[in-house]
Amino acid sequence: MIMPAKHITFSESFLGFGSYILQNLTEPKSVDELWQNYQQDLQNGLYFAKHSFDNLIMTLLFLYSIGAVKEVNAKVVKNETH
């Protein structure tokens with residue numbers, strides 16, 4: 001589920017969800033803020049794939065493991081030095 005495949009669209013994959021998260025990390029945000037923003041965008045039709053909270057956590061772990069995000073003062077921040 002990390003990468004898109006024959007039966008998984010890009011937006012349903014962790015890679016696609018991670019791309020969405022990185023676009024929305026214009027400022028440091030808590031995990032709860034990221035979840036609330038995603039829920040609003042899903043309701044407003046701005047994101048098309050339904051993800052669980054667990055998927056958000058796994059996507060953040062994926063982004064952290066590749067050095068795309070870091071944690072500063074209990075907030076998720078883009079890692080600009082990567």
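Asn 79 is in contact (heavy atoms within 4.5 Å) with Gly 67, Ala 68, Val 69 and Lys 70, leaving aside its neighbours within four places in sequence. Asn 79 lies in the segment after β2. Its relative accessible area is 19%, and Asn 79 is buried. Buried means under 20% relative accessible area, exposed over 50%, and partly exposed in between, with a 1.4 Å probe and protein chains only.

The model is predicted: local features need pLDDT of at least 70, side-chain atom pairs count only at pLDDT 80 or more, and totals for chains, interfaces and linings use all residues. Residues are numbered from 1 along each chain as its sequence is written, and side-chain values use heavy atoms, with hydrogens and water left out. Helices (H or I, at least four residues) and strands (E, at least two) are DSSP runs, numbered from the N terminus.

| Residue | Phi | Relative accessible area |
|---|---|---|
| Asn 73 | near 55° | 72%, exposed |
| Ala 74 | near 65° | 61%, exposed |

Asn 73 is found between β1 (69-72) and β2, and Ala 74 is also placed in the loop between β1 and β2.

**Helix α2**

Helix α2 covers residues 31-43, and its end C-alpha atoms are 18 Å apart, in agreement with the 18 Å that its 13 residues should span at 1.5 Å a residue. The expected span is 1.5 Å times one less than the number of residues. Leu 34, Tyr 38 and Asp 41 are the buried residues of α2. They fall within an arc of 65° when seen down the axis of α2, so they line one face of the helix. That arc is taken from the directions from the helix axis to the C-beta atoms. The buried residues of α2 pack against α1 (14-24), α3 (53-65) and β2 (75-78). Exposed residues Asp 32 and Gln 43 are carried on the face turned away from the buried side of α2. Just after α2, Gly 45 has a positive phi of about 75°.

**Helix α1 and its partners**

How do α1 and α2 pack? Their angle is about 110°, and their axes are 11 Å apart. That makes α1 roughly perpendicular to α2. Axes are lines fitted to C-alpha atoms, for helices over the stretch in contact, and angles run from 0 to 180 degrees between N-to-C directions. Angles under 35 degrees count as roughly parallel, over 145 as roughly antiparallel, 65 to 115 as roughly perpendicular and the rest as oblique. Phe 17, Tyr 20, Ile 21 and Asn 24 of α1 make the contact with Leu 34, Asn 37, Tyr 38 and Asp 41 of α2. By class, this contact of α1 with α2 has five nonpolar, two polar and one charged residues. Ala, Val, Leu, Ile, Met, Phe, Trp, Tyr, Cys and Pro count as nonpolar, Asp, Glu, Lys and Arg as charged, and the others, Gly among them, as polar.

α1 and α3 pack at about 80°, with their axes 9 Å apart, and are therefore roughly perpendicular to each other. In α1, the residues that meet α3 include Phe 14, Leu 15 and Gly 18; among those on the α3 side are Asn 55, Met 58 and Phe 62. The contact of α1 with α3 has 10 nonpolar, three polar and no charged residues.

**Ile 57**

Ile 57 is in helix α3. With a relative accessible area of 38%, Ile 57 is partly exposed. Its C-alpha atom is separated by 9.6 Å from that of Trp 35, 22 residues apart along the chain.
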